Amino acid sequence: MVVLPILFLLLGCPTSRAADEELELTVVDVSLLQEPRASCSGHRVMPPHPYNNSWVPLFRPLGPCSPSFKGAAAAAARTKPSLADVLRQDRLRVHHIHRRVSGSSRGARASKGSFKEPVSVEETQLHHQAAISVEVGTSQTSSEPSSGIHPAAATDGSSSPPVTVVLDTAGDVPWMRCVPCTFAQCADYDPTRSSTYSAFPCNSSACKQLGRYANGCDANGQCQYMVVTAGDSFTTSGTYSSDVLTINSGDRVEGFRFGCSQNEQGSFENQADGIMALGRGVQSLMAQTSSTYGDAFSYCLPPTETTKGFFQIGVPIGASYRFVTTPMLKERGGASAAAATLYRALLLAITVDGKELNVPAEVFAAGTVMDSRTIITRLPVTAYGALRAAFRNRMRYRVAPPQEELDTCYDLTGVRYPRLPRIALVFDGNAVVEMDRSGILLNGCLAFASNDDDSSPSILGNVQQQTIQVLHDVGGGRIGFRSAAC
């Protein structure tokens, strides 16, 4: 296990625009595709006190901090995806977001050849994603399954087995695998064994609110949903339902609305049971908990599989002085419903070692989408070209061949602590967000990529978000960043 000098943990706090001086930061190249280790080391930084907010640990579903991880034997048996597979999946995600922003049914121009591009490796679906463990339902005392909605059987008041759900800030409808199902591995959640489960009838207001996610009615008059994601590569469908959601031992969401997935098309990693949608749509977890915690949530993504981050609902205590904040962009009139559910901010500039890149402001006019599931950050072509040139000019390592769209790569063989330039994103309101050491390189390459033009929005990927608490405060109309949070 590599032990970092303690000084490294104190660097990188974004509070004000950096001065124009040549500085270099000693960093560790935490590769996306490094071999998983057998144990979880917990939190790198002491988790914040939740106060009146709901707080739960966050982990990577394929790593040893995941409850479904079964040790070294399971890790050895798990197929390791190639970088090409991971980036192919990422392109599908980027295309999906750009298509939603453009409102085009035929797709945006931002991802070359990515539309309906096949994905052959299941693990690419969730590799490097962020997940939490929650409980859904209330266990019955009786061992016999119930036969209807809201059964009269006595209950012991306990929750059902925990399920692992992936956080998705671009999703609107939470869903999880339910019994019965048509795919290889069902989740532990069986609605017939929960005394608090209910399926929405087709004439219910909840069903009518599904909008574009509605999928008709079944033979019993129950509301059906369908969610299509990632460039049409994955589809989930089933019954739109409600049950008790237990986020942690002290926080229960009564009547939590979600899709009970009984059919899937495409691959979804068996180490997770579903998606916890956090978008701005009326079906998302944030919308469902707004009356209790307010229209806000935040998360901190860990830098490695062997460490934990956290997920928090509500505005953190001390947010006004502990975070740098930028206004959350409001969608212009006529924006599609799909675009209106995304979280966006206005990126104004990029600095490398404290020097602002020469990029016209209009290049960033399309805004920047904050996304928990996109892996590498996408920039307008002009902005990426300037970043690439500045980064290459400051690197002192042997150049390596490009890897897919990652075109700025280096041979770091034998280099334990490569010295890299500091990279910071400057958002509206002078919110300067400096990338953590783990958010600069991916597999030895600069972890940024280019859109095809300057008209599509940037996307802030989860590699660049690592160790930074990202606050989505819809009620306050702002997005916040707190460095070195996990």
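User: What makes strand 31 and strand 32 a pair?
Analyst: The model is predicted, and the pairing is read from its bridges. Two strands pair if there are at least two bridges between them. Strand 31 and strand 32 (residues 478–482) are joined by five, so they meet the definition. They run antiparallel. Aspartate 473 stands opposite arginine 478 of strand 32.

User: What lies between the strands of that hairpin?
Analyst: Four residues separate strand 31 from strand 32. In this hairpin, glycine 477 has a positive phi near 65°.

User: Which other strand pairs with strand 31, and in what sense?
Analyst: Strand 14 (residues 296–300) does, in the antiparallel sense. Five bridges link strand 14 and strand 31. Phenylalanine 297 is opposite histidine 472 of strand 31.

User: Why is strand 31 called largely enclosed?
Analyst: Buried means under 20% relative accessible area. Five of the five residues in strand 31 (residues 469–473) are buried, so the rest of the structure largely encloses the strand. Gln469, Leu471 and Asp473 point one way, while Val470 and His472 point the other way. All of them are buried.

User: Why is aspartate 411 called partly exposed?
Analyst: Its relative accessibility is 30%. Buried needs under 20% and exposed needs over 50%. The value of 30% falls in between, so aspartate 411 counts as partly exposed.

User: Where is aspartate 411, and what does aspartate 411 touch?
Analyst: Aspartate 411 sits in the loop between strand 23 (409–410) and strand 24 (419–421). Leaving out residues up to four places away in sequence, aspartate 411 touches Tyr397, Arg398 and Ala400. Its C-alpha is 9.9 Å from that of asparagine 443, 32 residues apart along the chain.

User: What makes the pair of aspartate 411 and threonine 413 a polar contact?
Analyst: The two side chains make this contact at 2.6 Å. The cut-off for such a pair of N or O atoms is 3.5 Å. The distance is within it, so the label holds.

User: Which residues of the largest nonpolar core touch the most other members?
Analyst: Phe311, Ile350 and Phe481 do, in a core of 68 residues. Helix 7 (residues 381–394) gives the largest share of this core, six residues. Phenylalanine 311 touches residues including Trp55, Ile132, Leu278 and Phe297, not counting those up to four places away in sequence.

User: What does the second core include?
Analyst: This separate core has 19 residues, among them Cys207, Val227, Tyr240 and Ile275.

Definitions and conventions:
Residues are numbered from 1 along each chain as its sequence is written. This is a predicted model: local features need pLDDT of at least 70, side-chain atom pairs count only at pLDDT 80 or more; totals for chains, interfaces and linings use all residues. Side-chain values use heavy atoms; hydrogens and water are left out. Helices (H or I, at least four residues) and strands (E, at least two) are DSSP runs, numbered from the N terminus. Buried means under 20% relative accessible area, exposed over 50%, partly exposed in between (1.4 Å probe, protein chains only). Contact means heavy atoms within 4.5 Å. A polar contact is a pair of N or O atoms within 3.5 Å; within protein, one must be able to donate a hydrogen and the other to accept it, and residues adjacent in sequence count only if both atoms are side-chain atoms. A nonpolar core is a set of buried Ala, Val, Leu, Ile, Met, Phe, Trp, Tyr and Cys residues joined through side-chain atoms within 4.5 Å.
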